Amino acid sequence: MSSNKPGAKLRAEAAKVVDAVANDGRSLDVALAAAEENISPADRPLVRMLSYGSLRYYFRLRWQLRQLLERPLKARDSVIESLLIVGFFQLSDTRVPDHAAVSMTVEAARLLRRPKYAGLMNAVLRNFVRRKIAVSEPGNEEAQFNHPQWLIDRLKKDWPDDWQEILTANNDRAPMWLRVNQQKQSTDQFLAQLEAEGELLPCAEQAIRLTSPQPVDDLTGFADGLVSVQDCAAQIAAPWLLADGGTRVLDACAAPGGKTGHLLEILGEGADVTALDSDAKRLAGVRQNLDRLGLDATLVHADASKPTDWWDGRCFDRVLLDAPCSATGVIRRHPDIKLLRRNKDIPALAGLQREMLEALWTVLAPAGRLLYVTCSVLAEENEQVVAPFLAAHEDAREARVLHDYNISDLMRERTAGYQVLPGTKGLDGFYFAMLEKVSR
Ligand SMILES: C[S@@+](CC[C@H](N)C(=O)[O-])C[C@H]1O[C@@H](n2cnc3c(N)ncnc32)[C@H](O)[C@@H]1O
């Protein structure tokens, strides 16, 4: 791919990323990693920005595009539709000058070996600049709220008073949060030497919210394990699970190890943590993470829902079940979720979550605690998993009290468990339910 307009190549790469997500069902991370192999490190932030932004506003941009196209493009030319979306994103949401955005995007069509589209693209992009296409018409919720209709409908049902706020938060960019390893330094000490600006959140003593995101390699102390990157909502899990101690801990869906590291930082010397995951490649990431932090756990590659395959019969007194889920609470960080997830995935995920909860209950010691966590905002994966479980198990009760860990102002109480909604104090959307095993 060569051009006398270097910016054109970057637009072409971004279009390939958007097309891989929108039309081939690939994840943004995977598609972006493939694109980055073709571009210099200096150009990667721009391709990243174009890809993320185009996917973040995809539903609005695609609808606007369809208003301007006389007829749909052929399926085999879907990359041109993606390229036009990248073009619209630059024109409506960035400071790239209009003339540069138009000319480089048109040139990118040639690099994508579709020169016959150059004329059409030029006309459509210029038309977009001329006519501001409003998206606020009634009956056009996908474009107006920039989400798939099935998800808008579910949020309306589950969050009748908050759904618009959730959709707005999902369309925002997420802040970067750090978790300070308190074994090594206090949060105040770390903040004092941080070269970036950050602020503390009163309810999570180890969390710092950076005023502007930084590449991890530039972060003071990252390589030495003084600090990790983790959203503040995810940082709630480990201290809550260990609020009353805990000696033998199972992190049942551990990879890539964000919460495993936090559990170990809190437990300190002699911690007995088993970190289990069914994805071997992701589990290797846990080892890398722990090595950076100078911590250790027993890593197990297994299916958490089949304890007979991996359990030695010794009960755990704390279990963290950070279940695989729709990730509808972290759309700000992963805008591709809006395109990849389908309505029919939700009952399938809920089935898996129920199965895991049932299985892991059997490895929990009497008087032990299990924290069920998802990064979903959908009731079907959250309280509708936990409430029936509680009703069906005489030896299970919910520990409703949030201890002295001051998180109650962040959380919405549900019929079972608590929900942090995305955007609340800058946090991701997470659901938590603490279950206790009682003797009857
Ligand atoms: C939400 S992620 C966990 C994030 C992790 N706790 C952290 O804080 O970094 C869910 C994980 O569950 C794993 N998983 C999915 N199905 C599983 C199963 N049946 N048994 C064990 N792990 C599973 C996935 O591979 C994925 O790594």
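Axes are lines fitted to C-alpha atoms, for helices over the stretch in contact, and angles run from 0 to 180 degrees between N-to-C directions. The exercises below concern a predicted model.

**Exercise 1.** Determine how helix 5 is oriented relative to helix 6, and describe their contact.

*Solution.* 
1. The axes of helix 5 (residues 78-93) and helix 6 (residues 98-111) cross at roughly 170° and come within 9 Å.
2. Angles over 145 degrees count as roughly antiparallel, so helix 5 is roughly antiparallel to helix 6.
3. Helix 5 contributes Ile 80, Leu 83, Gly 87, Gln 90 and Leu 91 to the contact. From helix 6 come Asp 98, Ala 101, Val 102, Thr 105, Ala 108 and Ala 109.
4. Sorted by class, these contact residues are 7 nonpolar, 3 polar and 1 charged.

**Exercise 2.** Find the strands that pair with strand 8, and state whether strand 8 is largely enclosed.

*Solution.* 
1. Strand 5 (residues 248-251) runs parallel to strand 8 and is joined to it by 3 bridges. Here Val 249 has Arg 318 as its bridge partner.
2. Strand 9 (residues 364-374) is also parallel to strand 8, with 6 bridges between them. Arg 318 stands opposite Arg 369 of strand 9.
3. Of the 7 residues of strand 8 (residues 316-322), 7 are buried, so the strand is largely enclosed by the rest of the structure.

Notes:
Residues are numbered from 1 along each chain as its sequence is written. This is a predicted model: local features need pLDDT of at least 70, side-chain atom pairs count only at pLDDT 80 or more; totals for chains, interfaces and linings use all residues. Side-chain values use heavy atoms; hydrogens and water are left out. Buried means under 20% relative accessible area, exposed over 50%, partly exposed in between (1.4 Å probe, protein chains only). Helices (H or I, at least four residues) and strands (E, at least two) are DSSP runs, numbered from the N terminus. Two strands pair if DSSP finds at least two bridges between them. Angles under 35 degrees count as roughly parallel, over 145 as roughly antiparallel, 65 to 115 as roughly perpendicular and the rest as oblique. Contact means heavy atoms within 4.5 Å. Ala, Val, Leu, Ile, Met, Phe, Trp, Tyr, Cys and Pro count as nonpolar, Asp, Glu, Lys and Arg as charged, and the others, Gly among them, as polar.
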